[in-house]
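This report describes one protein chain in plain terms.

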Amino acid sequence: MRMGKKKDFTPLGDLFGKGKDVQLTEAAYQARMGENLPKDSSYLKNKSPLADWAKERGYKLVRVEQARVIDKTVYFRREK
């Protein structure tokens, strides 16, 4: 179990409250959260506070895409 203060992802709540799959660009994350997504894709997908927060809401971070010119985009699938 992780110790310390939990990060507040409230600014993302409306995206995850619709019961549909979610796609979030790094630019959209920056606009809502005021910071960048973690750089390490494996950490982001498997161990990040964002992945944990999404899991608590019934989502799994299933893919992180990054291209040279395009911002990083993360995809969540709604789990039954």
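A residue is called buried when its relative accessible area is under 20%, exposed when it is over 50%, and partly exposed in between (1.4 Å probe, protein chains only). The model is a predicted one, in which local features need pLDDT of at least 70 and side-chain atom pairs count only at pLDDT 80 or more, while totals for chains, interfaces and linings use all residues. Residues are numbered from 1 along each chain as its sequence is written, and side-chain values use heavy atoms, with hydrogens and water left out.

**Overall make-up**

The protein chain has four helices and three strands, arranged along the sequence as α-β-α-α-α-β-β. Here helices (H or I, at least four residues) and strands (E, at least two) are DSSP runs, numbered from the N terminus. Of the 80 residues in the protein chain, 31% are buried. The accessible surface of the protein chain is about 5800 Å², and carbon and sulfur atoms hold 49% of that surface; such areas come from the Shrake-Rupley method with a 1.4 Å probe, and for residues only the protein chains shown count as cover. A contact means heavy atoms within 4.5 Å. Among contacts in the protein chain with a separation of 6 or more, 44% are between residues 24 or more positions apart.

**Salt bridges**

Side chains of opposite charge can pair when their charged atoms come close. A salt bridge is counted when a side-chain nitrogen of Lys or Arg is within 4 Å of a carboxyl oxygen of Asp or Glu. The whole structure has five salt bridges, and the table gives some of them.

| Pair | Closest N and O atoms |
|---|---|
| E56 and K6 | 3.0 Å |
| K7 and E35 | 2.6 Å |
| R63 and E65 | 2.8 Å |

The salt bridge between E56 and K6 links distant parts of the chain: E56 is in helix α4 (residues 49-56) and K6 in the segment before α1 (13-16), 50 residues apart. Both E56 and K6 are exposed. A network of salt bridges links K6, E56 and R57.

Where do the partners K7 and E35 lie? In the salt bridge of K7 with E35, K7 is in the segment before α1 and E35 is in the loop between α2 (26-33) and α3 (41-46), so the pair ties together parts 28 residues apart in sequence. K7 is partly exposed, at 35% relative accessibility, and E35 is partly exposed at 32%.

In the remaining pair of the table, R63 counts as partly exposed at 39% relative accessibility, and E65 counts as partly exposed at 36%.

**A positive surface patch**

K45, K55, K60 and R77 form a positive surface patch. Patches are made of residues with over 30% relative accessible area and no salt bridge; like charges are joined within 9 Å, and nonpolar side chains (Val, Leu, Ile, Met, Phe, Trp, Tyr) within 5 Å. Lys and Arg count as positive and Asp and Glu as negative, with His and the chain ends not counted. K60 is in strand β2 (residues 59-65) and is partly exposed because its relative accessible area is 42%.

**A buried methionine**

Leaving aside residues up to four places away in sequence, M33 touches K7, D8, F9, P11 and L12. M33 and D8 are 25 residues apart along the chain, and their C-alpha atoms are separated by 8.9 Å.

How values were computed: The place of a charge is taken as NZ of Lys, CZ of Arg, CG of Asp or CD of Glu.
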